[in-house]
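I opened this entry to record what I looked up in the structure. The notes follow the order in which I worked.

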Amino acid sequence: MLTLLSIIFIAALLAPFVHRLCPKYTGAILVTAPIAMVIWLLKKIPEVGHGHPVTESFQWVEKLDLELAFHLDGLSLLFALLISGIGSLIVLYTQGYFKGHPQQGRFMMYIIAFMASMLGVVLADHLLLVFIFWELTSFTSYLLIGFNHNSPDARNAALQAMLVTVLGGLFLMAGIIMLAGAADTWRLSEIIQRGDVLLAHKNYLPILILVCIGAFTKSAQFPFHFWLPNAMQAPTPASAYLHSSTMVKAGVYLLARLHPALGSSEEWTLILTTIGTITFLLGAIMALGQKVLKRLLAYTTVSALGAMIMLLGVGTSYTIKAMATFILAHAFYKAALFLIAGGITHETGGETSVDKLGGLRKAMPISFACAILAGLSMGGFPPFFGFVAKETWLHALDHYPLLVGATVIGGAAYVLVGFAVGFKPFLGKMPAELHAHEIPLSMRFGPIVLGLCCLAFSFFTGSIGHNLVQPAATAIVAKELEVHLHLWAGFNKAFVISLITLMIGIGLYCSRSFLVATAGRLGVLVKFGPDAAYQFLLNGVLKFAAWHTRVLQTGILRDYIRVTVLTTVALVGAALVRAGGFQRWENLAPVSIRIALVAILMISATFATVHSKSRLRSILSMGVVGFCMAILFTFFGAPDLAMTQLVIETLTVILLVLAFHHFPPFRHGSKKRTRATDIIIAASVGITISLLVLAALHVQTPTPVSDFYLEHSYKEAHGRNVVNVILVDFRALDTLGEITVLTIAALGAYALMKLKPKKEEGGE
Amino acid sequence: MTSIILRTSTRYMFPPLIVFSVYLLLRGHHFPGGGFVGGLFAGSAFALYALAYSVSDARKAFRQDPRDITAGGLAIALLSGIPPLFSSHAFLTGTWWEVPLPMGGVLDVGTPLIFDVGVYFVVLGVLLTVVFALGEEE
């Protein structure tokens, strides 16, 4: 698994180069990587179907207990197949969609990298690994949505998707850490066997809520659903892939995966069913009034995700079977419709509104054929796979009349959208100003394969049910179950409800112009929606940042020094007060005459520095203070320090002289009040640091650290100068960090001095 | 500023200062000294040169761009941490070789010395980057 995953990641990295070398066959070359994955997964179906998961594990960071662990069971297999299978078709489609586009290589790179991350999410067995891949999908989807980075709308949508999903990611991380703590393992395959422990654990509810927030943001559940329709700014191949069949299902996957561990509690059912149902209805109703092809599909995607969460929330083995079937059905018809919608827009010169399209059946017969298949499957018409899924779903909700009601409303909306995208652009009269032609060969694979699957799956329901749905459902409920899908289950209650849904849907479609007009009138409500709340919050953060920068970053050096110094005083002072460390004045060594002399010299030099009328004299007096310090070091037996201090002091004087050379003539600019505050600040620093030093004298450690160094310095580090041995051997990593900082500081100083803005240079 | 006395004395002071800075670097392991103070010493020698003559003369005497010396020093320090990795020790663990001397006796040579040489060059380079930049006329 790791090998195949790495190959896909490498393919992503190579994409721009492949595109440069042979732009005509980029897609065809790169698609081999995901196809290899598909073949491998198909070969594993029998093994996994018999309940033998495939596992792989490599040590990564031993001390953190982090392993590259992968685990392929029925649920992972279903998702991985969808991701790599649809992904392969998307890569081919991209080839045609971005034909001649100079940035095609970049797009290929993003989409393949996304595919690999997504595969990582569903295959990884280690929670932290899942999280890493999870964040990678957020990141790559940011790049994909913002692909058209010249458009401000695309940039905003990308940022929005990123902020919402990454914020959710943070919640998820907290949840994951608590989950691993509660289950005492990072391995998902072990966590799902400890459901009893987790359900009884005191952190159960926080874990559930945190994980749910993570999953809901990713899967665009209410109230986080708003980013998904906005994300339609992405180029169509990305929308079709990320926002219909894969990324948005990551949340569904995660919750399904954790169902054996966290499910089967009242809270679980309550949260998931409520949020899922709200999202399901909200998405469906909002879809009714949409005019733009991709937005119609986007809102039904939100709705479908809600449905999956709802079914998962109910959590009986019937609903879970229905959910697994629906995931399959939805992935195929939705991806097909997205690709066709993209094809229509692409071949008609950028037309996106449903109502301005019509009569394309002659110009685009192949697209039309695929659109019929996918559109009818979406509507849930027999004998398409969408119908099979809808039947299983209705059958599973037999005891939940409210949810059946919701399904009827939602299902009717799906019929409308299926018709509006699948039929409307192709039927009727072609507007005069519209020019269209059939999509090129590379773009046909996707719609044809996906469209045919929508139909063909219905005739192999037995095999699909047994090989794909059953292992997945078994993994979700964590007990043996049998899945028998039927195209025709007899003339029963579900079938009648299904028929009613279809009728309502057709009725809705006929009154679509009315619905669109109503939606236009209800547009004012958007101001109170979560999207507006997001904008409000974002603007608030930006305003706060601007205010905060204005106050703290004045650009005046003395302000910076004041802030730094006062913060230090406050923190050190607070620590001192808490420790009560400045009460003991005893045990101080007697002050000898020579030390007193040096101290007096230092104090007078300090006064000279402050009072001097000339800059040079100030600098020199300050140098005197430093040299006295060096003398003090020699008195106390620290020749290394003394020597370094001496050289540093010399250099400081030289540097200051050089720097002041650039300054205008010296004047006593500061006002009395400024000087007074400066005196207070300076005095407080001096006093605090003196107290700190005095307090440090009394800190007793059981065995002084210096003993260790004195003992081991020569024996182990071959050096008698302990100070130096500490610097270059015991604490070499610290020193390495310090010299790196030094280098960066020097480069920064150099840049400040040498690289001035152009216009200033001209002025001088 | 041109002072004949300063220039002449600098001319004679300069080589011993540099030699002394290297001496400080090498003796550092057993006696007061080391790469840091050695680098500062060498840097102040060049700063003296820049004051006595001019920054451009000092730059010529230094031959290299001080920024390159900084980067080189950092690279040396970093590379000195790599040998212990081959004997499955942690990065930067001191590794020592005993080199027999032709006159008899043994010389201990270790990666900490190489690390210290890196520190020496970083300090020297950083110092001169700033001194030269400050001292140059606009």
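**Entry 1: the hairpin of chain A**

I began with a strand pair and noted that A:Val54 stands opposite A:Leu72 in strand 2 of chain A. Helices (H or I, at least four residues) and strands (E, at least two) are DSSP runs, numbered from the N terminus. Two strands pair if DSSP finds at least two bridges between them. Strand 1 (residues 54-61) of chain A runs antiparallel to strand 2 of chain A, and seven bridges join them. In this hairpin four residues lie between the strands, and A:Asp65 takes a positive phi near 60°.

I then asked why strand 2 of chain A is largely enclosed by the rest of the structure. Five of the seven residues of this strand (residues 66-72) are buried, so the strand is largely enclosed. A residue is buried if 20 or more other C-beta atoms lie within 10 Å of its own, exposed if 12 or fewer, and partly exposed in between, with C-beta atoms placed from the backbone.

**Entry 2: the kind of model**

I recorded that this is a predicted model, in which local features need pLDDT of at least 70 and side-chain atom pairs count only at pLDDT 80 or more, while totals for chains, interfaces and linings use all residues. Residues are numbered from 1 along each chain as its sequence is written, and chains are lettered from A and ligands numbered from 1 in the order in which they are written. The model scores ipTM 0.90 and pTM 0.76.

I looked up the pLDDT (the predictor's confidence in each residue, from 0 to 100) of chain B. The average is 86, and 97% of the residues score at least 70. Within chain B, strand 2 has the lowest confidence, at a mean of 75, and helix 4 the highest, at 92.

**Entry 3: the two chains**

I found 33 helices and two strands in chain A. The C-alpha atoms of chain A fill a box of roughly 110 × 65 × 50 Å along the principal axes. Of the 764 residues of chain A, 45% count as buried.

In chain B I found six helices and two strands, which follow the pattern α-α-α-α-α-β-β-α along the sequence. The C-alpha trace of chain B spans about 55 × 35 × 25 Å along its principal axes. Of the 138 residues of chain B, 43% count as buried.

**Entry 4: the cores**

I looked next for nonpolar cores (sets of buried Ala, Val, Leu, Ile, Met, Phe, Trp, Tyr and Cys residues joined through C-beta atoms within 7 Å). The largest has 204 residues, of which A:Ile111 and A:Ile112 touch the most other members. Helix 16 (residues 317-347) of chain A gives the most to this core, with 19 residues. A second, separate core of 54 residues includes A:Met643, A:Leu646, A:Phe730 and B:Leu40.

**Entry 5: where the chains meet**

How many residues of chain B are in contact with chain A? I noted 37, in contact with 36 residues of chain A; two residues are in contact if their C-beta atoms, placed from the backbone, lie within 7 Å. Among the elements that give two or more residues to this side of chain B are helix 2 (35-52) and helix 4 (66-79). Helix 6 of chain B gives the most, with 13 residues.
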